[in-house]
Each structure stands twice: as structure tokens, then as C-alpha cells.
Amino acid sequence: MRSDRLLSIRFTHPEPKRSASPVWPVFLPFAGCPFKCVYCSQYVQTGQRGSSPSQTAQSMSRRILERFNKTGQPVSLGFFGGTFTAMPLKDILVFLDQACSLKKAGAVNHIRCSTRPDCLGQEVLDILEYYGLDMLELGVQSFQDDVLRASARGYSSDSALKACSLVKSRKFELGIQLMPGLPGSGPSQYLRDIKQTANIVPDVVRLYPCLVLKGTLLEEMLAKGRYRPWSLKSSIALLSRALLTLWQNGIQVIRTGLAPEPSLINSILAGPWHPALGSICRSEALKTYIAWNLAKAGKKVRQVYIPSRYASDFWGYKGRNSIFYARQEIARSMVTPWKKDYFQIFFAD
């Protein structure tokens, strides 16, 4: 009979639960954009080139209805890639009219669009509200004035903060997009951005590390020595730290890094690119959270139970977290996935 007494701690994953509905993205490259940002090349980022608004809207509607008729499951509809609220009003109405009809038919249960913080006004917000838009995602990129100036974003941090406040005051859900590694941005500026975002408490956040793409102004800045991108290693460290901060403030991070479109991969000249960046950062954030819990216990681990759906995040990309667990004297044989939604770690007293 064993003489030692087993103690345990129990905790859930710090990430807030996500919506179950998949997002149906409609990309509108450069639509409504007042100018081309230094880092932007929407065609290679999305792998798509724009067609007329009416053609895009009709195709969108037809395909969503076909899916709904087959599955009976609605989608969350999102308009991305341009500055939606700065498009000509007739184009905005083309998309909103179709989106509203899809929502009434039950094929769509949520509508969102992305735009710039300086392209919001009461009139366009009234229109969005009338047609049932649920969420506005603001391409803030940074709340630091020096970063915004160096990146030629064309608005101030004060404008970005006011836009966030305006969206929330109108009862829309708020999304914030941040871009670590912009010209003028270092770790301290980025961590201030994360703190500011956590204080605002948006519904969702997207984190897009800045990449140098062919055909952008950033390519010229890189060639002239006026810009140096962040390394992959430092980006992973900062992004995983940001994830954990945002999670612990009840904020969903719905994207980390750009989707690996073939056109994007072939156009990357420099920057922290990795096809599994989001997965790596999630696993690093979870490892840090588990390390905090282990440190609080301060005892020898005997057995670890983890929710099955987090097994890959627990071990990390290609098992990279195994080294850390080995240092904690946690062997693979001591880790058991289970169907429960919490982690439980048993210690020897």
C-alpha cells in the first residue's frame, strides 16, 4: 500500500469558448480603401481578385443557400479584404440586402464586416444596424501614434479608440485587428497594444504579424534599409504572451497569422511566416499557463489528465513542448487524454 497522499489541481483552458458557426468569408480586395497601406497586397493575401459587387453578392447568396439546403446549418457571413463602410453606398446596399435576405431565410445567423477606424459615421452605422449587421471588425493595427505615423495609416490612436467606443456604444459586437511588427513597432509598443485592447474588451481579436510582400511599399522600405521585420522566434514569444493575456480577459482570438494561400506564400519576401503559426502560439500560451499552475503547486507530478481536444496544443507543434515537460519530470506515459473539459494534475505529497 502506498504511503504517499495524492493531491490534485483542476483548471480549464483559459481560452473563451468560440461560436460554433463557421465563418463564410467574402473577400472584397481593396474595395473602399482610401489608399494602399504600406504592407497591403490583398490579392495575394486572399488569393482572389475582385469582381463586380452584384456578381460577388449573387454568387455568395447562391452558394450559401446551396450549403444551407444540403446541411441545414447556418453560417456566419463576413465581408473582408477592403474598407466596407467606405465603399460607395450602392455597393454597400447590394451586399447588405443579400446578407439580410440570407439571415431572414435562416442560412446566415451572424453578419460582420471589416473596416478602418476612420471610416465610421452615424449615417453608415444606422444603415448597418437597419440591415442587421452584428459585428464590426476594425483594422486598428496599433494604438501607438508613432507606429501609426511610421506605417502611414492616416489616423491617430485617439481616432482608433473613439471608433472602438462608438462601435460598442451602438451595441455592435466589436472586433479588433492588430499587426505586430509594423514599422516603428517593437515589443514594448506591441505589449502596450495588447494591454489597451484588453482594457477595451472587444468580442474578438485577430493578430496578423507584419510580413513583407512583393509589390508593397514595405518591400521598398526593406530594400532601402528603412524597415526590419521581426524574427519568427520573437514573434512567437510575443504572440503567445498576447494570446494568454487576451484569453484571461475573456477575449477570443479568432486568428493568428494569415491563412497559407499559395499566392501569399509565393509573395513573402521577409517576416515571421510559418504555416502553423497559430497552432505554435496556442501551444506556447497553453504551456505557459500550465507552467504557472505547476509552479503554484510546487510538488512532484504523478499523473496528468488533459481534454482530448487540447492534446495537440498540450504537446505542441511536432511535439516541441515535450522538452519542457521532461524538465518537469512529466513523461508521456503520465499524460492521459480524456473526454472531460478540464485539466487535472495529480501530485505526490
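This is a predicted model: local features need pLDDT of at least 70, side-chain atom pairs count only at pLDDT 80 or more; totals for chains, interfaces and linings use all residues.
Local features need pLDDT of at least 70, side-chain atom pairs count only at pLDDT 80 or more, and totals for chains, interfaces and linings use all residues. Residues are numbered from 1 along each chain as its sequence is written, and side-chain values use heavy atoms, with hydrogens and water left out.

**View 1. Seven strands make an open, parallel sheet.**
Read across, the 7 strands go β2-β3-β4-β5-β6-β7-β9. (Strands are DSSP runs of E, at least two residues, and helices are runs of H or I, at least four, numbered from the N terminus; two strands pair if DSSP finds at least two bridges between them.) β2 (23-27) and β9 (252-256) sit at the edges with a single partner strand each, so one side of each has no neighbour in the sheet. On average, neighbouring strands are turned by 20° against each other, direction ignored.

**View 2. Zoom in on β6 and what surrounds it.**
Strand β6 (residues 173-178) runs parallel to β7 (residues 204-207), and 4 bridges join them. Helix α6 (residues 157-169) lies across β5 (135-141) and β6, at about 170° to β5. (Angles run from 0 to 180 degrees between N-to-C directions of lines fitted to C-alpha atoms, for helices over the stretch in contact, meaning heavy atoms within 4.5 Å.)

**View 3. Here's the cavity.**
The whole structure has 1 cavity of 30 Å³ or more. (On a 1 Å grid over the protein atoms alone, a cavity is a set of points where a 1.4 Å probe fits but cannot get out; lining residues have an atom within 4 Å of a point.) Its lining includes Pro 209, Trp 273 and Leu 277.

Technical notes. On a 1 Å grid over the protein atoms alone, a cavity is a set of points where a 1.4 Å probe fits but cannot get out, and a pocket is an open set with protein on both sides within 12 Å along at least five of seven lines; lining residues have an atom within 4 Å of a point. Grid points are joined across faces, edges and corners, and a volume is the space filled by probe spheres set on the points.
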